[in-house]
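Please open the structure in a viewer and keep the sequence panel at hand.

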Amino acid sequence: MKRLIQLLILFTTLTCDAGHQRFYSYELKTQNFRDNLWPYIGYVVDKSNELTVKNISSLKDEDFNHVPLDGMQFGYSSAHYWMKFTISNTSPKPVERFLEFTYSRLGTIILYTPNPDGGFDSVTTGNNLAY
């Protein structure tokens with residue numbers, strides 16, 4: 001049985017250091033309140049649904065595919081889609097933003113963020129969760 005895409009996101013870093021440019025890196029601007037992040041996102045399709053955040057975080061940038069500028073439009077699938085991007089804040093003060101997926105039928109979205117212990121924290125959302 002096919003199901004809606006399960007999206008697993010590896011949010012690689014949130015940093016104040018502009019000295020290191022990453023392949024999938026977006027520089028936060030204080031005046032930009034709504035931006036399209038698709039050009040800064042890479043993805044990997046996990047048809048086995050067995051990859052973990054540890055597996056994905058060890059991949060090189062070259063292992064990720066570029067997301068088309070109009071976004072990911074892969075229809076129904078039983079595969080897991082892993083996305084990777086980095087957001088850097090080069091301003092001297094904290095900047096708050098929302099991460100929004102406008103397609104409301106995504107079954108599960110898990111956002112992984114690196115923690116100081118070397119592991120990952122996660123937040124789960126999506127259409128499969130009860131309100």
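The stops that follow concern a predicted model.

**The whole chain**

Now colour by burial: of the 131 residues, 35% count as buried. With the surface displayed, the chain exposes about 8900 Å², of which carbon and sulfur atoms supply 52%. Among contacts between residues at least 6 apart in sequence, 72% join residues at least 24 apart.

In soluble globular proteins, nonpolar side chains tend to be buried together. Select Trp38, Ile41, Tyr43, Val67, Met72, Met83 and Ile87 and show their side chains. These are the residues with the most contacts inside the largest nonpolar core, which has 13 residues. Two elements, strand E2 (25–28) and strand E5 (80–89), each give two or more residues to this core. The largest share, four residues, comes from E5. Next, select Tyr24, Ile56, Ile110 and Tyr112, which are included in a second, separate core of eight residues.

**Two aromatic pairs**

The structure holds two aromatic pairs. For one of them, select Tyr26 and Tyr40. The ring centres of Tyr26 and Tyr40 are 5.1 Å apart and the planes stand at 65°, so the pair is edge-to-face. Tyr26 belongs to strand E2, while Tyr40 lies in the loop between E2 and strand E3 (42–46); the pair therefore ties together parts that are 14 residues apart in sequence. Are the two partners buried or exposed? Tyr26 has a relative accessibility of 8% and counts as buried, whereas Tyr40, at 30%, counts as partly exposed.

For the other pair, select Trp82 and Tyr112. Their ring centres are 5.8 Å apart and their planes lie at 20°, so this pair is stacked. It links distant parts of the chain, with Trp82 in strand E5 and Tyr112 in strand E6 (residues 108–114), 30 residues apart. Both Trp82 and Tyr112 are buried.

**The salt bridge**

Remain on strand E5 and select Lys84 together with Asp61. The count for the structure comes to one salt bridge, and Lys84 forms it with Asp61, the closest N and O atoms being 2.6 Å apart. This pair also links distant parts of the chain: Lys84 is in strand E5, Asp61 is in the loop between helix H1 (53–57) and E4, and 23 residues separate them. Is Lys84 buried or exposed? Lys84 counts as buried because its relative accessibility is 9%, below the cut-off of 20%.

Finally, select Ser77, which is placed in the loop between strand E4 (65–66) and E5. Although it sits in a loop, Ser77 is buried, with a relative accessible area of 12%. Which backbone atom does the side chain of Ser77 reach? Display Ala79 as well: the side chain of Ser77 reaches the backbone nitrogen of Ala79 at 3.0 Å. Ser77 and Lys47 are 30 residues apart in sequence, and their C-alpha atoms are 8.9 Å apart in space.

Note on methods: Residues numbered from 1 in each chain as written. Predicted model: local features only at pLDDT ≥ 70, side-chain atom pairs only at ≥ 80, totals over all residues. Heavy atoms only, no water. Core = buried A, V, L, I, M, F, W, Y, C linked by side-chain atoms within 4.5 Å. Buried < 20%, exposed > 50% of the residue type's maximum accessible area, 1.4 Å probe, protein only. Polar contact = N/O pair within 3.5 Å; in protein donor to acceptor, adjacent residues only side chain to side chain. Salt bridge = Lys/Arg side-chain N within 4 Å of Asp/Glu carboxyl O. Contact = heavy atoms within 4.5 Å. Areas by Shrake-Rupley, 256 points an atom, 1.4 Å probe, with all protein chains shown as cover. Phe/Tyr/Trp six-rings, centres within 6.5 Å; stacked < 30°, edge-to-face > 60°.
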